[in-house]
Amino acid sequence: MLAIRVPRVFDGERLIGGRTVLVDDGRIAGVEAHDAALPGDVPVRDFPGCTLLPGLIDAHVHLCADSGPRALDRLAPGEDDAPDDDALTGVIEGSLRAQLAAGVTAVRDLGDRRGAVPAWRNGAKHAADLPAVVASGPPVTSVRGHCWYLGGEARGEREMREAVRRLAESGADVVKVMASGGVLTPGTDTMNPQLTDAELAAVVAESRALGLPVTAHAHALTAVEQAIRAGVDGIEHCTCLTPDGVRISDELLAALSGSGIFVCATLGHDPGVFVPPAVQEMAARAGVTVEALEQGVRRLYEGGVRLVAGADSGIGPAKPHGILPRTIAEYVQAGLPAATALAAATSVAAEACGLATRKGRIRPGHDADLLLVEGDPVEDPSALRHLRALFLAGRPHPLP
């Protein structure tokens, strides 16, 4: 058993005063008063000036993408620099190490190449030393639709159901479906749905029958509305684009909040990274700007929508693995209280990822994935960039 004594604890929902957290056999064994009497043989680690948090959860990552230029494009068939299977294993593990170095102890992978992530996870020998992984496999998409080259193309209701069954058989934990086009796939349309209502309904129905949740990539307002009608569990991006800009009505907010859909708005970028003009122009034409995204997040928060923190990590240099603390900071910049933004990356993210019984909170029985930062992240979210210590399943993990 180990005792960790701190002046502040963010328990996954709110900041509480000093506590002594007991860790035993990889789990949190107790949360006691700061000055609680302990058996004499229990070692105590004191962290004055620090805050203890649950390990962070990045709810939208791409572990097969190495954060380099054209990181997703290079996964397409026929690319000269596409990694082979052995190299892809190295990319996945390198991505997870970069996440861990930022205090992220669990991730939800929402798009790999042909099931590489579930296959790696199910056969990994050293997974205990890396963040926990929830995986979707390749996203279900239309023929030549957004990220078609990852291996999830389907057409018609029958093929949609077959695609979902293949994902379940491969060990996927969640189904990702591309309800609209995306900025990084030329020829797709961010302003409109790329599936019919019947096709998307088939994806949701088959997933339900197999016990899998569904989250939908949706930039277009019409695709967001379609996803709500279909009964998805989550929406990625939820940008609500129209030809006249971002449009989020009171009716839409009521539908999102009333249904309990989790929305991962995928903020978070490195402002110091130069984005090529072609990419900037493509995003601007699609209506995907930082300002539009932050305004949308503020509107979603004010409308009572359940926001989750996920950065779309790995897709390029501006969104490297380990960028999640910037996501939290940008949520605060968009208008969320810091405690709400932190919950979006801990307890709420754990719910969205199906990990709520084990992760995302400082509570007895939960995994002892623990993060210690200097200062108070509720007062100043930049404190998340000042890691003091990290524990993975109760074991100290070296910091870079």
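**Entry 1: the model.** I am working from a predicted model.

**Entry 2: cysteines.** I looked for disulfides and found zero. I then checked cysteine 240, which is in no disulfide. Its nearest cysteine sulfur belongs to cysteine 238 and lies 4.2 Å away. A disulfide needs the two sulfur atoms within 2.5 Å. I also looked up the exposure of cysteine 240: it is buried, with a relative accessible area of 0%.

Next I turned to cysteine 353. Its closest cysteine sulfur is in cysteine 264, at 8.3 Å, so the two are too far apart for a bond. Is cysteine 353 buried or exposed? I find cysteine 353 buried, with a relative accessible area of 7%.

**Entry 3: helices H1 and H2.** I compared H1, residues 85–101, with H2, residues 116–123. The two pack at an angle of about 80 degrees, and their axes are 11 Å apart. They are therefore roughly perpendicular to each other. Which residues meet? From H1 I noted Leu88, Thr89, Ile92, Glu93 and Leu96. From H2 I noted Ala116, Val117 and Trp120. By type, this contact has six nonpolar residues, one polar and one charged.

**Entry 4: strands E4 and E5.** I followed E4, residues 19–24, into E5, residues 27–33. The strands run antiparallel, and six bridges join them. Arginine 19 stands opposite alanine 33 in E5. I then looked at the turn of this hairpin, where two residues lie between the strands. There, aspartate 25 takes a positive phi near 55 degrees.

Methods
Residues are numbered from 1 along each chain as its sequence is written. This is a predicted model: local features need pLDDT of at least 70, side-chain atom pairs count only at pLDDT 80 or more; totals for chains, interfaces and linings use all residues. Side-chain values use heavy atoms; hydrogens and water are left out. Buried means under 20% relative accessible area, exposed over 50%, partly exposed in between (1.4 Å probe, protein chains only). Axes are lines fitted to C-alpha atoms, for helices over the stretch in contact, and angles run from 0 to 180 degrees between N-to-C directions. Helices (H or I, at least four residues) and strands (E, at least two) are DSSP runs, numbered from the N terminus. Angles under 35 degrees count as roughly parallel, over 145 as roughly antiparallel, 65 to 115 as roughly perpendicular and the rest as oblique. Contact means heavy atoms within 4.5 Å. Ala, Val, Leu, Ile, Met, Phe, Trp, Tyr, Cys and Pro count as nonpolar, Asp, Glu, Lys and Arg as charged, and the others, Gly among them, as polar. Two strands pair if DSSP finds at least two bridges between them.
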